[in-house]
Amino acid sequence: MSGADTSATRTRHTRQLTLVAAGVCAASAVWADPRNPAGIDWQPIASSLGPAFSMARTETTVGQFQRFASATGLTTLAERQGGGQVYEAGWVKKPGWHWRHPFGGTQAASPDEPAVHVTFDEAQAFCRWAGGHLPTDAQWLEAAYTERRTTPPAPYGRGRTYPFPTGDSAAGAQCLDDCGPAASSRAIRHGAHLMRGHGHARAGSSPVGVNGLHDMGGNAWEWVDEPPGATGTAERRTRGGSWWYGATQMRADHLQSKPADTTVVYIGFRCARQP
Ligand SMILES: [Ca+2]
């Protein structure tokens, strides 16, 4: 019995040392809450459509994804293929553009930037490691547009469904200039020449929206599990628009999808979990 305990202790200690050696600054968080190894800030959503669930209050960040990559040894498809893509006069592969360097160059992404250039399967794997799953389309829509908090702060009203994740208008979101001038000043300058848009902002730096969530409209476009349970490279839906788009793409009736192995500078994700 004591031998088993000693072995378990040694195994746990070895893993802690491995995490520390790998530069996992949040190792304490990993061990403090094994149900939430990524340290996600979860927002409960009291859904009227089905079981309650929680949604990450921000897009998955580079810091959170770093914990996952360190723990699993993941090298993403965009890294293995030498870079992800952006749309210019057509799809263009950008050497060196991936989640660690979203716009290439030598400036590494900050821990609070959204993790982008991530495939659907990589996003789903992160969410399962983090204790949840990619949201279903129904969960994403419920969380984005219908206010479910018991006493939401003004201007939000309990039970109201809004046209945008930011409420009655798209103002304040990280999108093209029809979301307002802050999208330019808020964007993180990586020095890359962009043919369109200003680039992404730090996750959670734009004003809070419906259900207390940030950036459900704009910033990084978000993978959702639609069609649910599909496998392979079948197209999956993306929700909420991005910094590359205007307000129209933030609406619930705007449907877009991409092959699951797409790696793009303006596609990221967030996770949901039960409850
Ligand atoms: Ca977003």
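Me: Which residue of E7 stands opposite Arg-237?
Reply: Ser-257 stands there. E7 covers residues 256-259. Each strand is a DSSP run of type E with at least two residues; a helix is a run of H or I with at least four, and both are numbered from the N terminus. This is a predicted model: local features need pLDDT of at least 70, side-chain atom pairs count only at pLDDT 80 or more, and totals for chains, interfaces and linings use all residues. Residues are numbered from 1 along each chain as its sequence is written.

Me: Why are E1 and E9 called edge strands?
Reply: Three strands form an open, antiparallel sheet in the order E1-E2-E9. Strand E1 (42-45) and strand E9 (272-273) each pair on one side only. Two bridges link E2 (residues 53-56) to E9. Met-55 has Ala-272 in E9 as its bridge partner.

Me: Why is Tyr-87 called partly exposed?
Reply: Count its C-beta neighbours inside 10 Å: there are 13. A residue is buried with 20 or more other C-beta atoms within 10 Å of its own, exposed with 12 or fewer, and partly exposed in between; C-beta atoms are placed from the backbone. The value 13 falls in between, so Tyr-87 is partly exposed. Tyr-87 belongs to strand E3 (residues 85-87). Leu-194 is 107 residues away in sequence, and the two C-alpha atoms are 9.8 Å apart in space.

Me: What makes a set of residues a nonpolar core?
Reply: Its members are buried Ala, Val, Leu, Ile, Met, Phe, Trp, Tyr and Cys residues, joined through C-beta atoms within 7 Å. The largest core here has 54 residues. Val-116, Ala-123, Cys-175 and Tyr-266 touch the most other members. Elements that give two or more residues to this core include helix H3 (62-72), helix H5 (120-129) and strand E5 (221-223). In soluble globular proteins, nonpolar side chains tend to be buried together.

Me: Which residues does Tyr-266 touch, not counting those up to four places away in sequence?
Reply: Among them are Val-116, Ala-220 and Trp-243. Contact here means C-beta atoms, placed from the backbone, within 7 Å.

Me: What do the buried residues of H5 pack against?
Reply: They pack against H3, helix H4 (77-80), E5 and strand E6 (235-239). Phe-120, Ala-123 and Phe-126 are among these buried residues. H5 is also part of what covers the buried residues of H3, which include Val-62, Phe-65 and Ala-69. Just after H5, Gly-131 takes a positive phi of about 95°. Gly-73, which follows H3, has a positive phi near 75°.

Me: Why should residues 1-30 be read with care?
Reply: Look at pLDDT, the predictor's confidence in each residue, from 0 to 100. It stays under 50 over residues 1-30. Where pLDDT is low, the predicted coordinates should not be read in detail. For the chain, the mean is 90, and 88% of residues reach 70 or more.

Notes:
Pairing = 2+ DSSP bridges. Contact = placed C-beta atoms within 7 Å.
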